[in-house]
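Please look through the sequence and the model below before reading on. The paragraphs after them take a few residues in turn and place each one in its surroundings.

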Amino acid sequence: MSTKPIHIIGGGLAGSEAAWQVASAGVPVILHEMRGVRGTDAHKTDGLAELVCSNSFRSDDAETNAVGLLHAEMRLAGSLIMSAGDANQVPAGGALAVDRDGFSNAVTARLEAHPLISIVREEITGLPPEDWDQTIIATGPLTAPSLAEAIAASTGADALAFFDAIAPIIHFDSIDMNVCWFQSRYDKVGPGGTGKDYINCPMDKEQYDAFVQALLDGQKTEFKEWEGTPYFDGCLPIEVMAERGRETLRHGPMKPMGLTNAHNPTVKAYAVVQLRQDNALGTLYNMVGFQTKLKHGEQVNVLRMIPGLENAEFARLGGLHRNTYLNSPTLLDPTLQLTSRPGLRFAGQITGCEGYVESAAIGLLAGRFAAAQRLGHQISTPPVTTAFGALLNHITGGHIVSNDEPGKRSFQPMNVNFGLFPVMEAPKVEGKRLRGKEKTVAKKKAMTARALVDCRAWLGLAPAAQAAE
């Protein structure tokens with residue numbers, strides 16, 4: 001059995017979790033962290049797993065919330081991040097929030113104390129050398145420019161983004177199809193298309209004018225000083241387009257040409273908002289060309305002004321901010337390995353996930369995959385019915401790549417959400433017909449119950465009933 005170490009670049013949440021998982025499998029780790037030698041614009045300390053924004057890991061409800069389910073799966077997998085979070089919890093209602101200094105100190109202390117983990121404070125300025133045959137890059141959204149340039153040079157000019165230009169993504173089952181209809185512009189049948197590849201939401205002139213005014217009046221988030229203002233024509237926020245003239249949007253992403261309202265064919269819409277299928281499961285649709293810097297609460301109110309989206313539920317809201325990440329579906333295999341260089345894996349936000357917990361979860365998976373490969377074991381990926389598997393599938397294969405908007409990257413980072421899971425109907429209750437919120441809750445509980453059963457099986461753990469005995 002080889003005892004050659006696995007190298008991990010980056011000591012954030014993903015890198016720390018990956019290191020823990022590798023070492024827990026009995027494989028030596030060298031963890032390279034540049035803080036202590038070179039800082040970033042966002043970090044304040046040189047502690048491992050430093051939380052740079054919020055101190056919240058969001059909902060801890062494993063029954064009806066997807067991130068709470070991910071918490072539960074990570075605990076089952078022996079997560080260092082969850083263990084340190086639980087030990088440094090502060091009051092936050094149903095959420096898991098942590099004392100940020102206590103949390104970072106706990107992660108740092110446990111990694112420093114592990115006999116199989118060596119922590120080296122140094123900046124890695126290029127791709128790892130070939131003799132680091134098993135390496136995980138977990139450098140996050142603030143990857144050092146020299147390393148980012150090396151990754152971009154190796155993977156291709158279009159492979160690495162430095163800013164999110166994110167349009168909101170909506171759960172399909174919250175769209176009112178009595179108002180909206182399926183149709184491609186001019187009924188065009190593209191590659192793999194049917195001529196009905198978009199959901200269309202029509203507006204009359206009065207609705208359009210009110211919508212544009214709401215965009216102009218809405219509160220916007222500001223760029224951090226070190227981010228700059230990365231507007232370019234391929235990703236202008238909708239509110240910036242509205243500022244350039246009231247008719248700009250209806251000659252851009254909201255143009256009505258080539259579309260006929262299936263519910264009212266004789267009336268021509270003044271403007272149309274289009275939604276495009278975002279994942280292979282057909283559970284999520286993104287708003288085409290609707291990247292925005294509106295504050296999140298404002299976004300929900302303004303976007304629900306669109307006919308057919310009055311009750312829209314958002315899998316994620318829009319944004320535009322600094323975030324170095326890969327075009328992962330085209331570059332990584334299902335075990336997070338760069339297809340062009342076996343043995344080199346990526347983890348955390350650089351792969352295209354959002355959030356502390358999601359980053360740590362992808363680090364956990366990358367660590368387990370790398371350790372299994374080092375030990376000569378067959379690599380088993382988590383079922384897509386689990387939170388682990390749903391998130392991994394989004395990153396490495398569940399996303400639909402769009403070819404109809406030249407110059408735009410259709411893959412965008414995302415938090416874990418139920419739209420990434422295979423569809424599951426709410427269980428039937430004898431003598432009762434579930435409706436509305438009650439039906440939605442029952443459906444979520446069925447999905448989380450299935451996920452935890454499947455996760456335990458994937459991890460080789462006894463079923464919950466047996467474990468409780």
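This is a predicted model: local features need pLDDT of at least 70, side-chain atom pairs count only at pLDDT 80 or more; totals for chains, interfaces and linings use all residues.

Residues are numbered from 1 along each chain as its sequence is written, and side-chain values use heavy atoms, with hydrogens and water left out.

An unreviewed UniProt entry places the feature "binding site" at G10, G11, G12, L13, A14 and G15; such positions are given in the numbering used here, feature names are shortened, and annotations may be inferred rather than shown by experiment. L13 lies in helix α1, residues 13-24, where a helix is a DSSP run (H or I) of at least four residues, a strand is a run (E) of at least two, and both are numbered from the N terminus.

L13 is buried at a relative accessible area of 7%, and A14, also found in helix α1, is buried at 6%; buried means under 20% relative accessible area, exposed over 50%, and partly exposed in between, with a 1.4 Å probe and protein chains only. Leaving aside residues up to four places away in sequence, L13 touches several residues, among them A49, F57 and Y356, where contact means heavy atoms within 4.5 Å.

A49 belongs to the loop between β2 (29-33) and β3 (56-59), and although A49 is not a glycine, its phi is positive, at about 55°. A49 is buried, with a relative accessible area of 0%.
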